[in-house]
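Student: I have a structure to read. Where do I start, and what can I take from it?

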Amino acid sequence: MSVPILKQGTYLIAVIQSALGDADLLMLQNDLTEMVGESNVNGVIVDVSALDVMDSFSTRTLRSIAYMIKLCGAEMVIVGVKPEIAFSMVQLGLTLEGVITALDLDEGLALLDREIGKRGENG
Amino acid sequence: MARNDARNQRKSSSAPEKPDELKVELVDHFRKKRNDLRKLWVEQMTSKSLMVGLTQKEIDKESAAIYDTCVSCLETGRFEAAEEYAQKMAERGVLRGMTTEQIIGGMLTLRDVYGRSLAEVYRNDMKRLGQALDVYEPVANSILSIVALAFIQEREKLVAAQQEAIRELSTPVLQIRDKLLILPVIGLIDTLRARQLTEQLLEAISDRRAKVVVVDITGVPNVDSKVANHLIQTAEASKILGAKCIFTGVSPEIAQTIVSIGVEVSKMHAVGDLQGGIEEAERMIAAG
């Protein structure tokens, strides 16, 4: 199942609806990086609140997507990780190091606004 | 001795006469002798000092009620009344601090009083005594186990309630202002408690949309490597939920443990005391 990606202003919002297979994740990676490259996007939000499990491959892929998007000059935030999943991820050593995370879509948008605002000030 | 004889005889006896008739006879007997047997029972219990802490009036009332309940169980062959009474007795008994020994001992005494009185009545007819005991003993045993079970259940309920209370008291997550939670940890943390602490904290972060959590471990004497690791993992999981963890009140011993187990200290945000931690948290929230 492919992940719908919505464009909202200068942000992209990808809401994962159900558990994704490895191929779906790679497709998400392609779609997101391409869209960031093509259009005027400076922020990406990936909402994983529908997921009940985060395995090592999806964690790693999400992390790679975040790094790729950073290289394309945008910021990515992962939102909606459930408390119990967050802890089991940490216990399994599946960290999202270097990736910004937030509680839900609202918080993620606010966080992007701040991050990008800061970047604007510095640059 | 007499009972053993009776039992032997019972085995050899041919088809017993209708048990119902015998039951009616026994019930009649116990009803007729009600006052004598009850008095005897109370006397025996008093001599075993099973009646400590009860007034004479209570003794009279309770013993009469128990006596009648038992007889009516024998009569009807149904134990609902006994179950209900035992339940009530258990609730009151535990409340008043009566020991299980008192209750069980009392019921055993009553069983003996009944049994002895049957032996008295049928002492000249061993066969009949055997049959009477056949009718009486299963009922007496059932009543006894009902009472014992009621007491054990009552105790278990109490223990479960207390454990629940301890569990909830041990890890309060406090919100002191918007986006700021405090988790004061007091006392030893074992693995079970560490897990509860994590669960409650992560749930609270998600429910109250916290941005910063101050984990105060001033009251923790020491931690082992497993628990230290658990605390660090909790901090990382909080970060995934978008909340930063600040540890305060880390004692020198705990600091040594944490460093010697090789945790990346750079990941840990620590401030000396709770006050400093809250100030730092305020700054972080203000800065976004």
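Tutor: We take confidence, then fold, then the contact between chains. Keep in mind that this is a predicted model.

Student: What is the mean pLDDT of chain A?

Tutor: Read pLDDT as the predictor's confidence in each residue. For chain A the mean is 88. In that chain, 97% of the residues reach 70 or more.

Student: Which elements of chain A have the lowest and the highest mean pLDDT?

Tutor: Helix H4 of chain A, residues 105-122, has the lowest, at 84. Strand S3 of chain A, residues 43-47, has the highest, at 94.

Student: How many helices and strands does chain A have?

Tutor: Count the elements, then read their order. Chain A has five strands and four helices. From the N terminus on, the order is β-β-α-β-α-β-α-β-α.

Student: What share of the residues of chain A count as buried?

Tutor: A residue is buried if 20 or more other C-beta atoms lie within 10 Å of its own. In chain A, 37% of the 123 residues count as buried.

Student: And contacts along the sequence?

Tutor: Look at separation. Take the contacts in chain A with a separation of 6 or more: 75% of them join residues 24 or more positions apart.

Definitions and conventions. Residues numbered from 1 in each chain as written. Chains lettered and ligands numbered in written order. Predicted model: local features only at pLDDT ≥ 70, side-chain atom pairs only at ≥ 80, totals over all residues. Helix = DSSP H or I, 4+ residues; strand = E, 2+ residues; numbered from the N terminus. Buried ≥ 20, exposed ≤ 12 C-beta atoms within 10 Å, placed from the backbone. Contact = placed C-beta atoms within 7 Å. pLDDT = per-residue confidence, 0-100.
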